[in-house]
Amino acid sequence: MKVSAFIFDLDGVLTDTAEFHYLAWKDCAAALGIEIDREFNETLKGISRIDSLERILILGGRQNDFTPTEKEIIANKKNDAYVELIKKISPADLLPGVEDFLRSIADAGYKIAMASASKNAMAVSKLLGIDHYFHHIVDAATVAQSKPHPEVFLKAADAVGVAPENCIGIEDAAAGVDAILSAGMYAVGVGDKDILSKAHIVLESTAQLKLNNILEELNENICK
Ligand code: BG6
Ligand code: MG
């Protein structure tokens, strides 16, 4: 097993933006007469903005009520609210252990990329003060197919010049783990091991992101 690159999801792996997405969608859905709760919000993790709106409309039985242009207007409104909420993000919002892990893999010479579904990924990375660690951050606006499609991970690997089989992808969402596996990469899941069971390794928290442990555990799991 040769690992040359680490490819990170952003939301839920480097910082927890799920609550901000939730608050922005909740108001937006309420204006359409649809109520969403935090449990439903879980199903939107890793899902693109427009696909999230589609899921909300289906939940409210309103999937046939809007034209594509109207949907775009609704999605833009949600984004305006989200962008307002994330203005308060700072380096203090990095999840535990994330910066130490980024520093350790940067010092060890690995390529580092970001494969987020969020069109706000660059802005959030800057607010977190970690954008300088990344050799490449995929612009979600250039990705045609949402996770679980592997496109965003393949683009990230290509941009840093590393073959997928030499990449480790890190994700907190089931759709993201599926995307990593379809890309032919090693998958590290961070979060619930029942939800992320397909990943090669599942860590309970980002505090467990340690280079040597990941490489050892991957070797063990692959040789099993
Ligand atoms: C993902 C989040 O990273 O990005 C989703 O997990 C979100 O909840 C998606 O919908 C798209 O984000 P944005 O910022 O482009 O609306
Ligand atoms: Mg995520």
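Let's start with Lys147, which is found in the loop between β3 (136-137) and α7 (151-159). Helices (H or I, at least four residues) and strands (E, at least two) are DSSP runs here, numbered from the N terminus. This is a predicted model, where local features need pLDDT of at least 70 and side-chain atom pairs count only at pLDDT 80 or more, while totals for chains, interfaces and linings use all residues. Residues are numbered from 1 along each chain as its sequence is written, chains are lettered from A and ligands numbered from 1 in the order in which they are written, and side-chain values use heavy atoms, with hydrogens and water left out.

Is Lys147 buried or exposed? Lys147 counts as buried because its relative accessibility is 3%; buried means under 20% relative accessible area, exposed over 50%, and partly exposed in between (1.4 Å probe, protein chains only). The side chain of Lys147 makes a polar contact of 3.1 Å with the side chain of Asp9, and it also reaches the backbone oxygen of Ala115 at 2.9 Å. A polar contact is a pair of N or O atoms within 3.5 Å; within protein, one must be able to donate a hydrogen and the other to accept it, and residues adjacent in sequence count only if both atoms are side-chain atoms. Next comes the backbone: the peptide bond from Lys147 to Pro148 is cis, with omega near 20°. Pro148 is also found in the loop between β3 and α7.

## Around ligand 1

Now for the ligand. Ligand 1 is surrounded by 16 residues, and the closest are Asp11, Ile47, Ser118, Lys119 and Asn120 (a residue is near a molecule or strand if one of its heavy atoms lies within 4 Å of it). The shell around ligand 1 divides into 4 nonpolar, 7 polar and 5 charged residues.

For Asn120, an N or O atom in the side chain is 2.7 Å from an oxygen atom of the ligand, and for Lys119 a polar backbone atom is 2.7 Å from an oxygen atom of the ligand. Of the 400 Å² of accessible area that ligand 1 has on its own, the protein covers 96% (areas come from the Shrake-Rupley method with a 1.4 Å probe; for residues, only the protein chains shown count as cover).

Ala24 has its place in helix α1 (residues 18-31), and it counts as buried because its relative accessibility is 3%. Ala24 and Lys77 are 53 residues apart in sequence and 8.8 Å apart in space, C-alpha to C-alpha.

Glu35 is found in the loop between α1 and α2. Glu35 is exposed because its relative accessible area is 69%. The C-alpha atoms of Glu35 and Ile56, 21 residues apart along the chain, are separated by 8.8 Å.

Definitions and conventions:
Nonpolar A, V, L, I, M, F, W, Y, C, P; charged D, E, K, R; others polar.
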